[in-house]
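Here's a quick briefing to read with the model open beside you. We start with charge pairs, then move on to the chain contact and the core.

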Amino acid sequence: MRIVAADEIIKIQKLIKKFGSFTALDELDLTVLDGEVHGFLGPNGAGKSTTIRVLLGLLKKTSGEAQLFGQDPWKKAVELHRNLAYVPGDVSFWPNLSGGEIIDLLGDLRGGLDEKRRAHLLQRFELDPTKKFRTYSKGNRQKVALVAALASDVELYILDEPTSGLDPLMEEVFQQEILALKSQQKTVLLSSHILAEVEALCDRVTIIREGKTVASNTLAELQKQHRTVIAVETQEPLDDLAGVPGVHEISAHGTIVEFEIDADATDNVIKYLAGHHIDTFTSRPPALENLFLSHYDTSDKEA
Amino acid sequence: MGVFTGTGRLLRLALRRDRIKLPVWILLIVGFMGSMIPALKEAYGAVAEQAAYQQLLETSAIGRLFAGAPTEVSFGAVVTGETLLYFGLAIAFMNTLLVIRHTRHNEELGSSELLQSARVGRYAALTSALLLALVANTAVAVGLASVLQGVNGISSGEAWAFGLGQGLVGLSFAAIAGVTAQLAGASRGANSLAAMAIGAAFLLRGIGDIFTTTNQAGETSSLWISLLSPFGWLQQMQPLTAVAWWPIVLFVLFIAAGIGLSYVLLAHRDVGVGIFPARKGRARAARKLLAASPFGLTLRLQKGVFIGWAITAGIFALIIGGMANQMVDLIEDSEVMQQYIAGLGGTTAAVESMLSAMLGIVTLMIGAYVVQGMQRARSEETRGYLESLLATALGRTRWLLAHTIVVVIGAASIAAASGAVVAIAAGLAAGSPFAEWQIGVYTLAGLSYVPALLVFAGITVFGMGIAPKFAVGLAWAAFAFVALIGQFGSLLKLPDWTINMSPFAHIAAAPSAAIAWQSLLVLTAVSSVLLLIGFVGFRRRDLQTS
């Protein structure tokens, strides 16, 4: 049964995965559209890798729906894998094979790799393919997996925290390569903790926590759901500020009053402030960090 | 912060990590000694039998290779021949594995890097591993001495000398492993180097015992070359016959030198890198690595295990074939050996019967190859390599099939070659009557064990499909059971139904007995069922991930 629209590459609905009595995924939802770079975020242990492994047919779902290219990843694993490349979160390969051998091997098993891209990526990532895998550092190990995946000409790239060991220069190279894929209408599912990376690359993000989806939208829309911080100095005291709808967390620092406002309260608040002779005014849009922290924090019920 | 800072904490951590593994090693060693004594008492209680045993060692080079030079007619001398070296070997392996596990292997897991960045000194890991070895060897020594206490014919002092000697052998090889752990490029290499050192030490001592000399007083002594080996020093202690304490000096000097060298080498290398430089690999995969994927990769991964066991089995087959004549003379003189050969499945004391029975022992060793080969497949999963493989267009069944086929064909070729080598060696050693023997007959005899070997593959794959966490333990337990029954089943007077649980009990000792084709079919069928359940289970279960 095909439950997905034509442009939905990944469609997960109410996915449950249990390991014994432990529920790793609890009615998780995730939709990845054709041609988008989709950020997959969540605190450690939230279930990102488990979700990916179900998508790859490595783990069997307990219940719910999980479809890849409109098909069941458990039953059609081999066929579906010709169309995707995967970078695992914990990169470990045969210690006595060289990086070059591993790249060729995985490419071959996937159905061949693009020679020009292989050479290009080795050069961009400054990876020596003749070293035995055991002698690579953590960052270089990740590069082996990245080159192996990105050198494959496939439709979907599933990357599980692919840059956690890369230095800032290599992070930059990685971002450029992903943007290049994006311009070719390739689809990328990117699990990441690096917010700058998510901001630079992702069209949409899905945030999960404790096996549940807590938010899924474009970054702009997610930011809209969060409060802007305002700091003002006025000539007249803002005694009844607390009464204005959508205003929260008021605090005074000398002559400066700082408070947060809901996105839809902006108009009202500005009108109210205008009546009190504003001397200085600054506003800070919701920081990405705060946005994620509010979703990650298990004690925060607002999300 | 001192270079030894944190040794105590690391030792406690190591004790905790090994809280199952080490007690099992120690209990198996001590427990096996405990079960051997009554069995030996039964077989060699009388003076005549003890004399026959010494006579066996005098006439048989192969007997001396494995049991040492003849000493005196006593029960202690029999126990020495039947246990001293075997237990020394087991203890040597316990020590090399232990030391490398807690030094180089840790470095590869990355945990030592983490620990060293905390408050742990540079020498702490090696020191804690050596201290752990000291703890383990002390436990083994005390355990063995306790088991021998009060045994009729062995004095208390002799029992303690036996335990002490074994403990010192253990520490000697712990020191050797301390050195190889610094030399090799990785833990696997360090383990191989250490195993080679154990093999060389055993062989040096064996050569010394094969070429014994007898002085005018009629006393037999080993060639000087034995004294180059810790196993030779262990023998020189003569713990159960005429205790000598001077070899302890050699042991202590050797252990001190080895440990000292380990620290010197450790000071001259970086974490995760051995003294021997790591070799460069290929920039591109060779065509054979990619051939018939994943068979090319599987062959590469299975190559090391195969070569190791093929050489071991080959050497064994060569010795057995080459010594055939001497052994037959001996068997005809000894009732005990006739019993032993009959227990292995031989029927008469003819050369053919002896060779047939011995071929059973060589093929049993190939069983260990099968288990280790399939363990290699399972470790692909636990080490996380399989996750990346199965995320490509490679199916689970195809992957497991590749490993199973490579291991089974490997086992069959070693079995066939072992048969051929036994026949060729026997022919070369004995001249014309043997030269006419058909190598093909022995090759076929070797192959007749393949269905029994297939059972080991079946058990491991069954485990991988149904209870992956226990697969390797299950397979080795099955192997240990079969080996124990094969070697000591008749000696320990086990009931028939127990003996019949071993697949090897159903293989007729060809060519002396006719190949039991029906049994082979049954064994093949049993293996096929186990394999099938394993393959189906493996398709249906979650992949084990980190």
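In this predicted model, the side chains of K182(A) and D203(A) meet in a salt bridge, 3.1 Å from N to O. (A salt bridge here is a side-chain nitrogen of Lys or Arg within 4 Å of a carboxyl oxygen of Asp or Glu.) K182(A) sits in helix α6 (residues 168-183) of chain A and D203(A) in the loop between α7 and β8 of chain A, so the pair ties together parts that are 21 residues apart in sequence. Helices (H or I, at least four residues) and strands (E, at least two) are DSSP runs, numbered from the N terminus.

**More on salt bridges**

- K182(A) is partly exposed at 21% relative accessible area, and D203(A) is partly exposed at 30%. Buried means under 20% relative accessible area, exposed over 50%, and partly exposed in between (1.4 Å probe, protein chains only).
- Searching the whole structure turns up 24 salt bridges over all chains.
- D267(A) pairs with K271(A), with the closest N and O atoms 3.0 Å apart. These two are 4 residues apart in helix α9 (residues 266-274) of chain A, so about one helical turn separates them. K271(A) is exposed, at 56% relative accessible area.
- R104(B) and E107(B) also form a salt bridge (3.4 Å, N to O). Both lie in helix α6 (residues 104-109) of chain B, 3 residues apart, and both are buried.

**Where chain A meets chain B**

- The contact (heavy atoms within 4.5 Å) takes 40 residues from chain A and 38 residues from chain B.
- About 3400 Å² is buried between the two chains, with carbon and sulfur atoms giving 55% of that. Buried area is the accessible area (1.4 Å probe) that two parts lose on being put together, summed over both.
- In chain A, L58(A), W94(A) and L109(A) lose the most area to chain B, together 20% of what that side buries.
- The interface has 6 salt bridges. K280(B) and D128(A) meet in a salt bridge through their side chains (2.9 Å, N to O).
- D104(A), E115(A), R118(A) and R284(B) are linked in a network of salt bridges.

**The nonpolar core**

- The largest nonpolar core has 220 residues, and I10(A), W94(A) and F292(A) have the most contacts inside it. Such a core is a set of buried Ala, Val, Leu, Ile, Met, Phe, Trp, Tyr and Cys residues joined through side-chain atoms within 4.5 Å.
- Helix α17 (residues 351-382) of chain B gives the largest share of this core, 16 residues.
- Leaving out residues up to four places away in sequence, W94(A) touches several residues, including F133(A), L297(B) and Y385(B).
- F292(A) is one of the buried residues of helix α10 (residues 288-296) of chain A.

**A buried arginine**

- R378(B) lies in helix α17 of chain B and counts as buried at 6% relative accessibility.
- Among the residues that R378(B) touches, not counting those up to four places away in sequence, are M464(B), R541(B) and Q544(B).

**Reading notes**

- Residues are numbered from 1 along each chain as its sequence is written, and chains are lettered from A and ligands numbered from 1 in the order in which they are written.
- Local features need pLDDT of at least 70 and side-chain atom pairs count only at pLDDT 80 or more, while totals for chains, interfaces and linings use all residues; side-chain values use heavy atoms, with hydrogens and water left out.
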